[in-house]
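Please consult the sequence and the structure shown below.

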Amino acid sequence: MHSEMLLHSVKADLHEKQEQIHQLKRVLHEIRQIKHDFSEAQHLIHRPHLNREAWRGTHAQRFEDIREGMNKAYQQIKSDQVSGIIESIEGKIHSLEGDVYSIRRQITRIEHEIEKEKHKK
């Protein structure tokens with residue numbers, strides 16, 4: 001009886017871990033899509049293109065400096081922050097998958113134990 005209760009508890013834990021993996025994979029997909037969309041929009045920083053004859057002077061240089069700062073910020077967000085989040089989620093998924101593997105092995109052991117108990121009776 002104790003083994004059956006333990007089996008039920010461990011199976012519930014397995015289900016919870018699998019659900020967490022599913023949710024993290026869904027979020028990971030969404031973040032990757034957002035990162036792609038974000039990357040696709042980066043070129044808009046340089047629009048409209050302003051040539052040196054039409055656009056010059058201190059305001060023009062300041063404007064170009066702002067654009068360059070925005071471009072660097074885009075790169076930093078995309079490569080450092082978003083990639084860091086993705087790596088963190090991937091690490092958590094990997095960890096949970098290891099837990100699932102261990103829990104499945106535990107379930108198998110408990111099921112064998114239950115079978116042994118049934119044969120003793």
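This is a predicted model: local features need pLDDT of at least 70, side-chain atom pairs count only at pLDDT 80 or more; totals for chains, interfaces and linings use all residues.

The expected span of a helix is 1.5 Å times one less than its number of residues.

## Helix α1

Helix α1 covers residues 2-41, 40 residues in total.

An unreviewed UniProt entry lists residues 7-34 as "coiled-coil region". In the model, the span of residues 7-34 is 100% helix and 0% strand. The end C-alpha atoms of this span lie 41 Å apart.

## Packing of α1 and α2

Two packed helices are described by the angle between their axes and the distance between the axes. For α1 and α2, the axes come within 8 Å and cross at roughly 160°. The two helices are therefore roughly antiparallel, since an angle over 145 degrees is counted in that class. The crossing of α1 past α2 is left-handed.

Which residues of α1 are buried? They are Ser3, Leu7, Val10, Leu14, Lys17, Ile21, Leu24, Leu28 and Ile31. These buried residues of α1 pack against α2. An α-helix has 3.6 residues a turn, so residues three or four places apart point the same way.

Asp13 is also situated in helix α1. With a relative accessibility of 31%, Asp13 counts as partly exposed, because that class lies between the 20% limit for buried and the 50% limit for exposed residues. Asp13 and Ile103 are separated by 90 residues in sequence, yet their C-alpha atoms are 7.9 Å apart in space.

## Residues of helix α2

Helix α2 comprises residues 58-120 and includes Ser83. Is Ser83 buried or exposed? Its relative accessibility is 14%, so Ser83 counts as buried, the limit for that class being under 20%. Leaving aside residues up to four places away in sequence, Ser83 touches Lys35 and Lys78.

Gly98 is another residue of helix α2. Gly98 has a relative accessible area of 34% and is therefore partly exposed. From Gly98 to Thr108 there are 10 residues in sequence, and the C-alpha to C-alpha distance is 16 Å.

## The loop between the helices

Pro48 belongs to the loop between α1 and α2. Most peptide bonds are trans. The bond that joins Arg47 and Pro48, however, is a cis peptide bond, with omega at about -10°.

Pro48 has a relative accessibility of 52% and so counts as exposed, the threshold for this class being over 50%. Pro48 and Ile93 lie 45 residues apart in sequence, and their C-alpha atoms are 42 Å apart in space.

Methods
Residues are numbered from 1 along each chain as its sequence is written. Side-chain values use heavy atoms; hydrogens and water are left out. Helices (H or I, at least four residues) and strands (E, at least two) are DSSP runs, numbered from the N terminus. Buried means under 20% relative accessible area, exposed over 50%, partly exposed in between (1.4 Å probe, protein chains only). Contact means heavy atoms within 4.5 Å. UniProt positions are given in the numbering used here, feature names are shortened, and annotations may be inferred rather than shown by experiment. Axes are lines fitted to C-alpha atoms, for helices over the stretch in contact, and angles run from 0 to 180 degrees between N-to-C directions. Angles under 35 degrees count as roughly parallel, over 145 as roughly antiparallel, 65 to 115 as roughly perpendicular and the rest as oblique. A crossing is left-handed if the near helix is turned anticlockwise from the far one by less than a right angle, and right-handed if clockwise.
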